[in-house]
Amino acid sequence: MADVLAQGDRERAPHPLALVPKTEVKQTAKDFKSDQEVRWCPGCGDYAVLAAVQGFMPELGLARENIVFVSGIGCSSRFPYYLSTYGMHSIHGRAPAIATGLAAARSDLSVWVVTGDGDALSIGGNHLIHALRRNVNLKILLFNNRIYGLTKGQYSPTSEPGKLTKSSPMGSLDAPFNPVSLAIGAEASFVARTVDSDRKHLTEVLRAAADHPGTALVEIYQNCNIFNDGAFEVLKDREQAQEAVIRLQHGEPIRFGLPAEDGLGSKGVVRDPASGELEVVDVAEHGTDGILVHDAHAQSPTLAFALSRIADPDTLHQTPIGVLRDVRRPVYETLMTEQLETAVHKNGKGDLGSLLHGNDTWTVAG
Amino acid sequence: MTQQVSQESAKEVRRLDRVIIRFAGDSGDGMQLTGDRFTSETATFGNDLSTLPNFPAEIRAPAGTLPGVSSFQLHFADHDILTPGDAPNVLVAMNPAALRANIDDLPKGAEIIVNTDEFAKRAMAKVGYATSPLEDGSLDGYRVHPVPLTTLTVEALKEYDLGRKEAARSKNMFALGLLSWMYNRPVEGTERFLRTKFAKKPQIAEANVAAFRAGWNFGETTEDFAVSYEVAPATKAFPTGTYRNISGNLALSYGLVAASQQADLPLFLGSYPITPASDILHELSRHKNFGVRTFQAEDEIAGIGAALGAAFGGALGVTTTSGPGVALKSETIGLAVSLELPLLIVDIQRGGPSTGLPTKTEQADLLQAMYGRNGEAPVPIVAPSTPGDCFDAALEATRIALTYRTPVFLLSDGYLANGSEPWRIPEVEELPDLRTQFATGPNHTLEDGTEAFWPYKRDPQTLARPWAVPGTPGLEHRIGGIEKQDGTGNISYDPANHEHMVRTRQAKIDGIEVPDLAVDDPEGPDGAGARVLVIGWGSTYGPITAAVRRVRRAGGQVAQAHLRHLNPFPANLGEVLRGYDRVVVPEMNLGQLSTLLRARFLVDAQPHTQVNGMPFKAEQLAHVLKEAIDHG
């Protein structure tokens with residue numbers, strides 16, 4: 001696939017906020033807080049994400065009335081109630097479908113979807129993958145806590161196999177989804193992963209998502225301190241995280257682990273020339289030649305997909321976070337609007353009288 | 001008319017007041033197209049008409065089999081008619097299967113035109129003819145015209161350098177030409193149609209035109225066809241105006257475009273293909289220059305979800321489907337009830353349950369539309385009565401949706417969808433003004449004197465809540481499917497509030513203004529009205545009205561009423577029902593409307609039901625009515 005988009009396709013992937021009215025008033029996080037009492041469990045990771053989003057929204061400088069948050073069902077789906085934008089708390093799994101209609105009808109809105117692992121990947125899996133392949137202008141925040149919280153602790157489609165829960169007293173039999181792999185397989189043009197407790201990283205990823213034309217999927221590892229506490233502890237604990245987390249930066253070598261002499265991580269990711277698989281090597285032994293440089297803009301999803309598989313599913317060691325994939329392709333509603341304009345250009349603006357008349361008529365005189 | 005076919009005929013021309021023709025053949029024989037063309041010719045000629053396409057769900061069912069037979073029935077007349085007719089006067093049978101599948105519907109004396117080329121032993125054996133029905137006397141009493149349609153068509157096209165198989169495909173046009181001669185139909189429209197349809201394949205276009213003309217000439221010259229017929233235009237049947245022929249699905253599509261224009265709201269259709277509703281998706285996707293956005297969703301749920309999302313954004317949101325699709329959409333319809341946003345759910349009913357009979361008609365989704373959701377979730381229901389009426393019903397459903405901020409069901413069915421009739425084209429100026437007001441500012445003063453916007457503060461008259469669309473500054477609000485506090489719209493689990501909200505949502509639907517039910521009850525010779533009322537809804541209007549006319553012609557007295565609004569019912573309905581000794585309710589289900597009438601009004605409404613995938617026949621209904629009168 002060509003690295004460079006044809007000129008026409010570039011125009012069909014305009015900046016996602018190009019048509020959204022801006023505000024002239026300076027906004028702060030407070031402007032995005034609604035008057036509703038937040039009702040998540042004390043200590044829930046959702047609080048951190050809410051604070052990060054409220055803190056980030058002013059940065060976009062958008063007219064607040066042109067922002068809409070749509071959610072499904074689940075703990076995280078209460079999110080819209082706590083923001084002072086327009087919002088809809090819809091039904092289980094359907095937020096991407098509802099948001100698709102809204103975004104397709106209104107290019108002047110910034111539309112965000114808030115969903116969870118059960119909402120997006122189980123009951124709403126179909127809508128998620130189709131939104132991604134269409135490349136509708138939606139920013140999807142997928143709160144993944146690897147458990148069902150609101151229904152009180154059943155295993156979710158991202159729970160590890162063998163998980164002991166109320167509905168799986170002898171261990172869950174399900175193989176889990178990897179949301180990032182799934183999104184890349186569903187032709188997503190933007191896929192990122194971040195962690196609830198890392199406000200700075202979360203904000204960076206939100207910024208990149210907001211800048212992306214088309215559907216952006218952001219998987220947020222979020223702690224459920226009631227039913228799955230510590231699920232991502234290995235990625236949060238300062239010491240363990242150095243070995244466990246691979247921070248991806250576009251254009252930078254993929255290095256992690258304790259700092260080596262050059263100040264970058266002592267471990268690096270290379271591609272095995274024989275098998276094509278990714279491998280983690282010790283930079284001191286291997287040298288810096290052949291260490292992969294992260295290219296989020298690569299049209300081919302191959303490397304992003306391989307990176308999405310590099311983490312150990314049991315220990316979460318070597319978990320990449322950051323923007324895995326960010327490529328341009330035509331945006332659904334831009335294409336839709338273009339067709340409407342082409343139709344007017346070709347056939348003139350619709351005239352109801354002549355439509356109703358058609359071509360084969362006869363007249364009955366009095 | 002062209003040179004070739006315009007020679008003065010010496011043959012006898014007989015006048016008829018009406019004719020019922022049925023074209024029947026394999027599902028690949030082009031019978032629907034043939035019927036459509038004959039219908040267009042007939043419409044242009046000015047007859048009143050009504051059509052009944054009938055085809056299998058398979059695209060190309062196994063050739064020559066009974067399940068593979070596709071047919072098209074057309075009733076046309078010099079006067080006002082209401083149904084596609086009970087029994088054909090003429091059957092065109094393109095093969096043994098078509099003959100076998102349709103012969104039982106033919107009264108003795110009917111004409112049968114058969115394609116003898118297809119009556120080979122094997123083809124006949126395939127449908128159970130041990131001997132040829134053309135020779136064994138089983139068609140005695142019918143007027144049979146044996147015509148080697150395939151051979152004649154291939155012969156007529158030998159100049160066209162087509163293979164035999166390809167040439168033979170034009171045999172439907174030969175048959176159409178022959179029938180067009182028999183009934184003195186105008187032919188220019190068909191020739192123009194063929195040249196447009198095959199514009200990219202001029203040779204095929206000309207071959208079809210040649211086959212069509214050859215069929216005409218065959219009628220003109222062959223002795224077997226001694227008589228042609230004339231059915232005069234139905235000049236007195238129609239009020240003054242300009243007319244076109246229209247099918248229910250086309251009228252419904254136009255109704256939606258018109259509603260969007262009259263409401264000054266962009267139309268957004270979210271839909272998933274399903275028979276027999278897909279034609280609306282196809283049609284609307286052609287009218288993007290009206291600002292119509294069509295979204296072919298990944299499934300039924302996404303179709304209505306997207307439409308609801310667009311409605312939140314201020315569009316006229318529509319989803320189109322059939323019964324199984326409604327089942328999938330139920331949860332989202334409930335959400336729309338809770339959100340109180342305008343939304344149209346168009347259900348083109350078909351035979352059920354489950355996948356049922358995709359291409360056949362039924363009215364068995366009434367109770368699904370009425371009650372098929374969790375919780376108390378009332379939804380208004382509007383049902384068109386004829387193909388052309390689908391246009392007006394779409395406007396009426398839109399009026400209710402926009403005025404009362406509610407999802408509305410539009411219940412059409414397969415018979416209306418595919419059937420067609422002459423339609424008086426309305427002037428745009430006659431159409432209702434459907435413009436509505438979005439909320440523009442605060443609507444509530446808090447105790448401390450500050451101005452606020454309350455998304456669930458209602459219009460005292462209609463009980464509708466304000467429609468505040470994103471992009472409106474100061475009206476930012478959150479809505480959802482969890483029970484809301486009256487007024488503010490905030491989440492509320494308060495028992496008294498829930499009680500209030502459930503009753504208020506019901507009261508809003510119950511309070512929708514709908515016109516009183518009109519009853520047609522002409523005085524009898526003794527100056528009294530009828531004792532029997534027949535009441536129906538939806539597509540049974542044609543057969544019921546035809547039956548009522550028969551009964552009255554025979555001296556019987558019966559009153560007739562037809563419901564367009566099924567929820568809420570017209571305010572005078574109870575009074576109407578109680579005014580008669582007997583109430584008969586013909587329905588293409590097992591008695592769903594009669595169940596509602598009995599429950600609501602405690603009247604002994606008697607269902608008369610049929611679920612064979614076909615519309616009622618007027619004669620049978622007339623018999624039912626007569627029984628009710630005689631034993632009343």
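1. Two strands count as paired if DSSP finds at least two bridges between them. With that in hand, look at where the chains meet in this predicted model: strand β2 of chain A, residues 86-89, pairs with β19(B) in the parallel sense, over three bridges. To find the spot, go to Gly87(A), which stands opposite Arg478(B) in β19(B).

2. Now the whole contact between the chains. Chain B puts in 59 residues and chain A puts in 53. On the chain B side, the elements giving two or more residues include α1, β9 (241-247), α9 (248-263), α11 (300-312), α12 (323-339) and β19 (478-480). Which element gives the most to the side of chain B that touches chain A? That would be α11(B), with nine residues. By type, the residues on this side of chain B come out as 28 nonpolar, 23 polar and eight charged.

3. One of the elements on that side, α9(B), is worth a stop. Just past the end of α9(B), Asp264(B) has a positive phi of about 55°.

4. Next, how chain B is divided. The domain assignment gives domain 1 (3-231), domain 2 (245-430), domain 3 (437-494) and domain 4 (519-630). Domains 1 and 2 of chain B have C-alpha centres 35 Å apart, and 13 residues of domain 1 are in contact with nine residues of domain 2. On the domain 1 side of that contact, α1 (31-45) and β3 (48-54) of chain B each supply at least two residues. The most comes from β3(B), with six residues. Sorted by type, the domain 1 side has eight nonpolar residues, four polar and one charged.

5. Chain A has its own division, in which domain 1 is written in two pieces (7-249 + 295-357) and domain 2 covers 253-293. The centres of these two domains of chain A, taken over C-alpha atoms, are separated by 30 Å. Here 11 residues of domain 1 are in contact with seven of domain 2. On the domain 1 side, α9 (238-244), β7 (245-247) and α11 (302-308) of chain A each bring at least two residues, and β7(A) has the largest share, three residues. That side of domain 1 of chain A divides into six nonpolar, two polar and three charged residues.

6. There is a hairpin to look at in chain A. Strand β8 (residues 255-259) and strand β9 (residues 265-271) of chain A pair in the antiparallel sense over three bridges. Pro259(A) stands opposite Gly265(A) in β9(A). Five residues lie between the two strands, and Gly263(A) in the turn takes a positive phi of about 85°.

7. On to the inside. The largest nonpolar core has 254 residues, and Leu102(A), Leu410(B) and Leu625(B) are the ones that touch the most other members. Which helix gives the most to this core? Helix α14 of chain B (residues 389-404), with 10 residues. Leaving aside neighbours within four places in sequence, the contacts of Leu410(B) include Leu344(B), Ile345(B), Val346(B) and Val382(B), along with Ala393(B), Ala394(B) and Ala397(B). Another core lies apart from the largest one; this other core has six residues, among them Cys44(A), Tyr155(A), Cys224(A) and Phe227(A).

8. Last, a single residue. His75(B) sits in strand β4 (residues 69-77) of chain B. Why is His75(B) counted as buried? A residue is buried if 20 or more other C-beta atoms lie within 10 Å of its own, and His75(B) has 26 of them within 10 Å, so it qualifies. Beyond the neighbours within four places in sequence, His75(B) is in contact with Arg18(B), Ile20(B), Leu49(B), Ser50(B), Ile81(B), Thr83(B), Pro84(B) and Gly85(B). As for Arg399(B), 324 residues away along the chain, its C-alpha atom is separated from that of His75(B) by 34 Å.

Notes: Residues are numbered from 1 along each chain as its sequence is written. Chains are lettered from A and ligands numbered from 1 in the order in which they are written. This is a predicted model: local features need pLDDT of at least 70, side-chain atom pairs count only at pLDDT 80 or more; totals for chains, interfaces and linings use all residues. A nonpolar core is a set of buried Ala, Val, Leu, Ile, Met, Phe, Trp, Tyr and Cys residues joined through C-beta atoms within 7 Å. A residue is buried if 20 or more other C-beta atoms lie within 10 Å of its own, exposed if 12 or fewer, and partly exposed in between; C-beta atoms are placed from the backbone. Helices (H or I, at least four residues) and strands (E, at least two) are DSSP runs, numbered from the N terminus. Two residues are in contact if their C-beta atoms, placed from the backbone, lie within 7 Å. Domain bounds come from an automatic or database domain assignment. Ala, Val, Leu, Ile, Met, Phe, Trp, Tyr, Cys and Pro count as nonpolar, Asp, Glu, Lys and Arg as charged, and the others, Gly among them, as polar.
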